[in-house]
Amino acid sequence: PGVAPVVATRRPMPTPPALRSLLELREPATPVGLVACAVHASLVDAGMDIVDATPCGIKRASFRPRWENAVAGASTAVPPPVSVVVRAQDVGGDHVVFAAAVNDGEPFVFRCAASAHVVARGGVHGGAHGGAHGYEYVSLPSLWRDAKDSLALPASIRARTAAGLPSPPPFLALPDELKLAALASLAEARDLCAVGATCRELAALASSDALWKPLHDAEFGADALNDANPASSGPGASHYRRRYAEKHAERARRERERERRVAEMMRARERAARAGPGPYVPHPAG
């Protein structure tokens, strides 16, 4: 009683809705196509709408900040039009470079290897984090984090500046490493759960093993985990949060069982006291 429940999570990070919608729309057939979907979805998640894209959705995609639609009918001055163009360049092997330019300005660059984030699997739309045509994402939290930090958030800040609008909340604009350092100062599990309930981005960070392992070890002692999926041990991984939740629930169950037994024993004693001594029954002769 009085203790906020801790909800366990079974996956490091669910597929973001923007990415799920883009996968269904494009049905990418290559690993680079899946990476491009994740990169473009990170900009959608950061507050932009896709205006147009090349047929495969890889080489070029144009975005319009979502606030333009929001203020179109407002009485305030309409910000000047802002365009964000993301181009992709294959640089050999499975390496690809994404560049996001705001109003044809200096681009923000994100480099990655498709094989580090997409693997071949049997079936369609299979895998822990979705996919298409026999491919699926691995280490999606790191791909999503890097695309957000390298392209989506910087482009969003520059676009708002170009439109004369204030920047996003400063905390969300920080790199994930600094966000984790700030969240590490939270001393209780309920505080991390409260942060995780604010938005999808902070929900992924607030589930990180880097934050939950110290809380787990302090309350339950060190516990060696058998990590069956090392690829998902990044900032979004939540093995220790799950273990913390499981042990927290088990401890609460044991405590309820102990209280039930104590109450049952006390009721039995009260019944015996009210009944008094029983009638004398002579012992049969031997």
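Student: How many salt bridges does the count come to?

Tutor: This is a predicted model, and side-chain atom pairs count only at pLDDT 80 or more. A pair qualifies when a side-chain nitrogen of Lys or Arg lies within 4 Å of a carboxyl oxygen of Asp or Glu. By this rule the number of salt bridges is 14.

Student: Asp45 and Lys148 meet in a salt bridge; how many residues apart in sequence are the parts that this pair ties together?

Tutor: The N to O distance between the side chains of Asp45 and Lys148 is 3.0 Å. Asp45 belongs to helix α2 (residues 31-45) and Lys148 to helix α4, so the pair joins parts whose separation in sequence is 103 residues.

Student: Is Lys148 buried or exposed?

Tutor: The cut-off for buried is under 20% relative accessible area. Asp45, at 22%, is partly exposed. Lys148 has a relative accessible area of 3%, so this residue is buried.

Student: Which strands does helix α4 touch where it packs on the sheet?

Tutor: The sheet is open, with 5 strands in the order β1-β2-β3-β4-β5 and antiparallel pairing. Helix α4 (residues 140-162) packs on this sheet, and its direction makes about 165° with that of β5. The strands touched by helix α4 are β1, β2 (60-65), β3 (84-90), β4 and β5.

Student: Which strands stand at the edges of the sheet?

Tutor: An edge strand here has a single partner strand, so one side of it is left without a neighbour in the sheet. The strands in that position are β1 (48-53) and β5 (108-113).

Student: Which residue in β5 does Val96 stand opposite?

Tutor: Strand β4 spans residues 95-102 and pairs with β5 in the antiparallel sense over 6 bridges. Opposite Val96, the residue in β5 is Cys112.

Student: What is the distance between the closest N and O atoms of Arg253 and Glu250?

Tutor: Both residues lie in helix α10 (residues 239-275), 3 residues apart, which is about one turn of the helix. Arg253 is partly exposed at 40% relative accessibility, and Glu250 is partly exposed at 31%. In their salt bridge, the closest N and O atoms are separated by 2.7 Å.

Student: Which residues are linked with Glu257 in a network of salt bridges?

Tutor: Glu257 forms a salt bridge with Arg261, with the closest N and O atoms 3.0 Å apart. These two residues are 4 residues apart in helix α10, about one turn. Arg261 is exposed at 55% relative accessibility, whereas Glu257 is partly exposed at 25%. The network links Glu257 with Arg260, Arg261 and Glu264.

How values were computed
Residues numbered from 1 in each chain as written. Predicted model: local features only at pLDDT ≥ 70, side-chain atom pairs only at ≥ 80, totals over all residues. Heavy atoms only, no water. Pairing = 2+ DSSP bridges. Contact = heavy atoms within 4.5 Å. Axes fitted to C-alpha atoms, helices over the stretch in contact; angles between N-to-C directions. Buried < 20%, exposed > 50% of the residue type's maximum accessible area, 1.4 Å probe, protein only.
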